[in-house]
Amino acid sequence: MNIILLGPPGAGKGTQARHLVETRNMVQLSTGDMLREAKSSGTEMGNMVAGVMARGELVTDEIVIGLIREKLTGDTKGGFIFDGFPRTLEQADALTRLMADEGQTLDAVIEMRVDDEALVDRITARSTCAGCGEVYNDNTKPIPADGKCTSCGKENEFTRRSDDNEESLKTRLMAYYKQTSPLIGYYYAKGMLSTVNGLGEIAAVQREIANVLGD
Ligand code: ADP
Ligand code: ZN
């Protein structure tokens, strides 16, 4: 099964994707993670997109489509989870074409709906384990008192994303409404859209998604 997780920054796409990777052997394709990796390893492309990402704007369709294209070949395991991609109609069309080229189909698009206020709270309270990518939240899922990651055991390796501040979050939200939210109508019209309540607890959202996937 190949699915898209669609939703604004902070909707919980990454958290749900990690769960699907563990439970269904799916492959997570996060363009945000790929771009951050390019940035931290200092590739030419990484240096080029660093400023755009820090401001919270979208990088060009060409770059992200290229990143996805490279990943669609080879072992597909339990299917792909597209996380943070597509973010524009152009990317959505490109994905349809790329999948067709690989003889694959897109099976479902899951919109994670969360209101703006919750997003600001979530994102400004967010930190990530550098060892394994586990996501913590100062209010709802704090870093354990002993400083050890519950998932990988690494100690005190928690980082905050440089674009997780109120200023660039405003830009990211605006980019979502202007450029990405039209995809909701696009996939609805194709009969592929399901919507889950992203405000629920992590386990509740997991159940809703499992329902959509037919478990
Ligand atoms: P978020 O938590 O805001 O959903 P991501 O981790 O998915 O963010 O992406 C971080 C940043 O990387 C975005 O703000 C944007 O600059 C860039 N980016 C990621 N995916 C895409 C994409 N599909 N198209 C354009 N830019 C992207
Ligand atoms: Zn960890």
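Which protein donors hold the zinc ion (ligand 2)? That was my opening entry, and I keep in mind that this is a predicted model.

**Zinc site.** I looked up the donors and found C129 (SG), C132 (SG), C149 (SG) and C152 (SG), lying 2.3 to 2.4 Å from the zinc ion. I then checked the angles: the four donor atoms subtend 104 to 115° around the zinc ion, which makes the arrangement tetrahedral. Along the sequence, I read the spacing of these donor residues as C-x2-C-x16-C-x2-C. C129 belongs to strand 5 (residues 126-129), while C149 sits in the loop between strand 6 (135-137) and strand 7 (158-159), so this pair ties together parts 20 residues apart in sequence. I also noted that C129 and C149 are both buried.

**Strand 5.** Next I followed the strand that carries C129. R126 and T128 point one way from strand 5, S127 and C129 point the other way, and all are buried. Strand 5 runs antiparallel to strand 6, and three bridges join them. Here I found R126 opposite N137 of strand 6. The two strands form a hairpin with five residues between them, and G133 in the turn has a positive phi of about 90°. Strand 7 is also antiparallel to strand 5, joined to it by two bridges, and its F158 stands opposite C129.

**Helices 7 and 8.** Last, I turned to helix 7 (residues 166-180) and helix 8 (residues 182-189), whose axes come within 6 Å and cross at roughly 35°. Helix 7 brings Y176, Y177, K178, Q179 and T180 to the contact, and helix 8 brings P182, L183 and I184. By class, I have five nonpolar, two polar and one charged residues in this contact.

Conventions
Residues are numbered from 1 along each chain as its sequence is written. Chains are lettered from A and ligands numbered from 1 in the order in which they are written. This is a predicted model: local features need pLDDT of at least 70, side-chain atom pairs count only at pLDDT 80 or more; totals for chains, interfaces and linings use all residues. Side-chain values use heavy atoms; hydrogens and water are left out. Axes are lines fitted to C-alpha atoms, for helices over the stretch in contact, and angles run from 0 to 180 degrees between N-to-C directions. Helices (H or I, at least four residues) and strands (E, at least two) are DSSP runs, numbered from the N terminus. Contact means heavy atoms within 4.5 Å. Ala, Val, Leu, Ile, Met, Phe, Trp, Tyr, Cys and Pro count as nonpolar, Asp, Glu, Lys and Arg as charged, and the others, Gly among them, as polar. Donors are N, O and S atoms within 2.8 Å of the metal (3.2 Å for Na, K and Ca); water is not among the atoms, so sites may look incomplete. Four donors count as tetrahedral if all angles lie between 85 and 135 degrees; four count as square planar and six as octahedral if opposite donors are over 155 degrees apart and all others between 65 and 115; anything else is irregular. Buried means under 20% relative accessible area, exposed over 50%, partly exposed in between (1.4 Å probe, protein chains only). Two strands pair if DSSP finds at least two bridges between them.
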